[in-house]
Amino acid sequence: MLYIEPARLPADWCSSMTALSLRYFAACLLLLVLPSTGAHAQNEPQRVIVPIAGDLYRFQNNFHYSVFLVASDGIIATDPIDAGAAQWLKSELGRRFPGKPVRYLIYSHSHADHIAGGQVFADTATVVAHERAKERILAEKVPTAVPALTFSDRMTIEAGGKRVELYYLGHNHSDNTIVMRFPDEGALFAVDIVAVKRLPYRDFPDGHLDDWIETLKAVERMDFDVLAPGHGSLGTRADVAEHRRYLELLRERVKREMDAGKSVQEIKRAVKMSEHESWGSYRDWVELNVEGMYRYLRARGRN
Ligand SMILES: [Zn+2]
């Protein structure tokens with residue numbers, strides 16, 4: 001879209017009758033409808049820090065989110081998202097919380113779109129992840145810092161009087177996804193396994209859907225008030241149950257059609273999940289969700 005910087009225009013530009021050729025008139029109208037942020041801001045990533053509860057904050061980089069916890073002598077950070085985001089976050093943390101370096105950097109899982117750029121914090125932070133995340137980061141050469149501290153089932157990280165509990169709950173969205181519970185802040189950070197009133201991502205690449213459903217049941221049994229997902233808005237534990245119910249319904253419906261001998265094309269036409277039409281990404285992803293569930297159930301049937 002054409003954008004004219006207002007600073008380059010004469011002061012009376014829009015009101016000058018002599019300048020009101022059709023072309024100028026069109027440009028005037030354009031200025032009226034353009035958002036105040038202008039073209040430059042539209043191309044820049046949207047980066048925001050908002051408080052969640054107590055000393056826990058949420059960091060947004062466009063469509064990706066992570067959280068960080070400020071302790072007395074440092075900060076426990078999570079997914080760096082990418083190198084540019086991590087640089088921005090590092091300088092914001094230095095400005096807002098001087099004298100508090102990032103002591104720990106915890107990865108939610110090994111996917112590069114959430115954890116690239118970890119090297120930005122490697123000067124002060126111990127990098128933590130599930131043991132299989134470390135294997136995948138090394139094997140896939142994910143452009144980030146390699147975890148130095150790993151675990152298999154559960155671990156608690158403590159720093160400066162603050163703590164976060166890390167749980168591995170099975171092979172769900174990936175085989176190395178963990179959830180992070182902040183007990184004193186009543187919050188849970190869970191990436192790519194749950195979203196608030198939004199369909200799961202596309203066709204469940206890498207997903208193991210039965211374990212995924214069990215993972216969400218385990219999350220529902222945890223004690224927390226605020227759900228902070230890796231994408232989209234904040235929610236509550238009730239949103240976890242809704243997401244689990246969506247996966248269960250999708251599974252039931254796809255399986256019923258498969259048992260009736262239908263092809264994947266027929267199943268995509270038959271299974272609509274229409275009670276979730278109001279959820280985000282419904283139009284874009286519902287068929288992909290059906291296809292992914294079909295592929296998962298077919299592969300599972302053969303094993
Ligand atoms: Zn992922």
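1. Helix H3 has Ala85, Ala86, Leu89, Glu92 and Leu93 buried, where buried means under 20% relative accessible area, exposed over 50% and partly exposed in between, with a 1.4 Å probe and protein chains only. Seen down the axis of H3, these residues fall within an arc of 130°, so they line one face of the helix; the arc is taken over the directions from the helix axis to the C-beta atoms. That goes with the general rule: an α-helix has 3.6 residues a turn, so residues three or four places apart point the same way.

2. A word on provenance. This is a predicted model, in which local features need pLDDT of at least 70 and side-chain atom pairs count only at pLDDT 80 or more, while totals for chains, interfaces and linings use all residues. Residues are numbered from 1 along each chain as its sequence is written, and side-chain values use heavy atoms, with hydrogens and water left out.

3. Back to H3 (residues 83-96): its 14 residues reach 20 Å from first C-alpha to last, close to the 20 Å expected at 1.5 Å a residue. The expected span is 1.5 Å times one less than the number of residues. Helices (H or I, at least four residues) and strands (E, at least two) are DSSP runs, numbered from the N terminus. The buried residues of H3 pack against strands E1 (47-53), E2 (56-61), E3 (64-70), E4 (75-77) and E5 (102-106).

4. Of its 35 residues, Leu250 and Val254 touch the most other members. Strand E11 (187-190) and helices H6 (209-220), H7 (237-259) and H9 (282-302) each supply at least two residues, with the largest share, 8 residues, coming from H9. Beyond its neighbours within four places in sequence, Val254 is in contact (heavy atoms within 4.5 Å) with Ile267, Val271, Val290, Met293, Tyr294 and Leu297. A second, separate core of 26 residues includes Phe68, Val120, Phe121 and Ala145.

5. For the rings, there are 7 aromatic pairs: Phe, Tyr and Trp (its six-membered ring) with centres within 6.5 Å, stacked under 30 degrees between planes, edge-to-face over 60 and tilted for the rest. Phe204 and Trp212 are edge-to-face, 5.6 Å centre to centre with 85° between the planes. Phe204 is buried at 2% relative accessible area, and Trp212 is also buried at 2%. Ring pairs also link Tyr57, Phe68 and Phe97 into a cluster.

Key: Core = buried A, V, L, I, M, F, W, Y, C linked by side-chain atoms within 4.5 Å.
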